[in-house]
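Grab your viewer and work through these exercises with the model open beside you. Each task is followed by a solution in steps.

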Amino acid sequence: MTTRRTGLREQKKQATRQALCEAALRLALERGPHNVRVDDIAEAAGVSPRTYNNYFANREQAIVAAITMERETRVAAAVAARPAVRLADAVIDAIVDQYTAQDESDRDALLLIASHFALRNAFVHTATAMEDPLADAIAVRLGDTDTHIAHVLGASVTAAVRVTLERWLQPAHVNSGLVVPSGALPDLLRTALAALAPALDAAENRQHRRHL
């Protein structure tokens, strides 16, 4: 019974978070992000401002979460789901897929994010949420009881993604709000993450040698 209540509570929390994200993005697209208040988002989602503050610290987090929510979980799940594939390939493919598979509404949201400094910063910062789930997935792949190496690798991959997103969303000129993404994001991500492939390979080869 306790497990069922916990499951229902988590589902309700997830539904509330989703409603807040959708309301935040819709209002930002309609009015512009600077014209959206936390109270507006809470009212549109049918919750109190106090409830909103249990999920997000500011409006930028909620707007960005509309297209990044649970991305870190999906990346980790994709890595764990391909045990027969080289670890480096599984990690790189999972990240590229999750950061570049967008529908029409996501493209509208990305254009909005790219056009506003605070949203760009919030979007880049979301990469940090991937570190622990990815490290856990790598640890499972490596069969490690000592997860130190897995967490080092997870932190390194996360840093590479964050730096790549910052580069991709650079303003065209200093003191300019205009953003012209510099290159194709999939190519930038693959190039950055390829530099970490030897470390991922070394950890995987170490695990194989231990089982010989």
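This is a predicted model: local features need pLDDT of at least 70, side-chain atom pairs count only at pLDDT 80 or more; totals for chains, interfaces and linings use all residues.

**Exercise 1: the largest pocket**

Which helices each supply at least two residues of the lining of the largest pocket?

Residues are numbered from 1 along each chain as its sequence is written, and side-chain values use heavy atoms, with hydrogens and water left out.

*Step 1.* On a 1 Å grid over the protein atoms alone, a pocket is an open set of points with protein on both sides within 12 Å along at least five of seven lines, a cavity is a set where a 1.4 Å probe fits but cannot get out, and lining residues have an atom within 4 Å of a point. Helices are DSSP runs (H or I, at least four residues), numbered from the N terminus.

*Step 2.* Find the place. The largest pocket has a volume of about 350 Å³. It is lined by 19 residues, and Arg17, Ala65, Thr68, Thr126 and Ala129 are the closest to its centre.

*Step 3.* Sort the lining by helix. The answer is helix 4, helix 5 (71-80) and helix 8, with helix 4 giving the largest share, 4 residues.

*Step 4.* Sort by class (Ala, Val, Leu, Ile, Met, Phe, Trp, Tyr, Cys and Pro are nonpolar; Asp, Glu, Lys and Arg charged; the others, Gly among them, polar). You get 10 nonpolar, 5 polar and 4 charged residues.

**Exercise 2: the largest cavity**

List the residues that line the largest cavity, then sort them.

*Step 1.* Counting cavities of 30 Å³ or more gives 1, and the largest has a volume of about 40 Å³.

*Step 2.* Its lining is made up of Pro33, His34, Arg59, Glu60, Ile63, His116, Ala118 and Leu119.

*Step 3.* Helix 4 (59-68) and helix 8 (117-125) each put in at least two residues; the largest share, 3 residues, is from helix 4.

*Step 4.* By class, that's 4 nonpolar, 2 polar and 2 charged.

**Exercise 3: salt bridges**

Which residues are linked with Asp40 in a network of salt bridges?

*Step 1.* Apply the rule: a side-chain nitrogen of Lys or Arg within 4 Å of a carboxyl oxygen of Asp or Glu. The total comes to 10 salt bridges.

*Step 2.* Look around Asp40. Its side chain meets that of Arg31 at 3.2 Å, N to O, and it also bridges to Arg37, with the closest N and O atoms 3.1 Å apart. So the network links Arg31, Arg37 and Asp40,.

*Step 3.* Check accessibility (buried is under 20% relative accessible area, exposed over 50%, partly exposed in between; 1.4 Å probe, protein chains only). Asp40 is buried at 13%, Arg31 partly exposed at 41% and Arg37 exposed at 52%.

*Step 4.* Now try Arg86 and Asp201, whose side chains meet at 2.7 Å, N to O. Arg86 lies in the loop between helix 5 and helix 6 (87-100) and Asp201 in helix 12 (residues 197-210), so this pair ties together parts 115 residues apart in sequence.

Definitions and conventions
Grid points are joined across faces, edges and corners, and a volume is the space filled by probe spheres set on the points.
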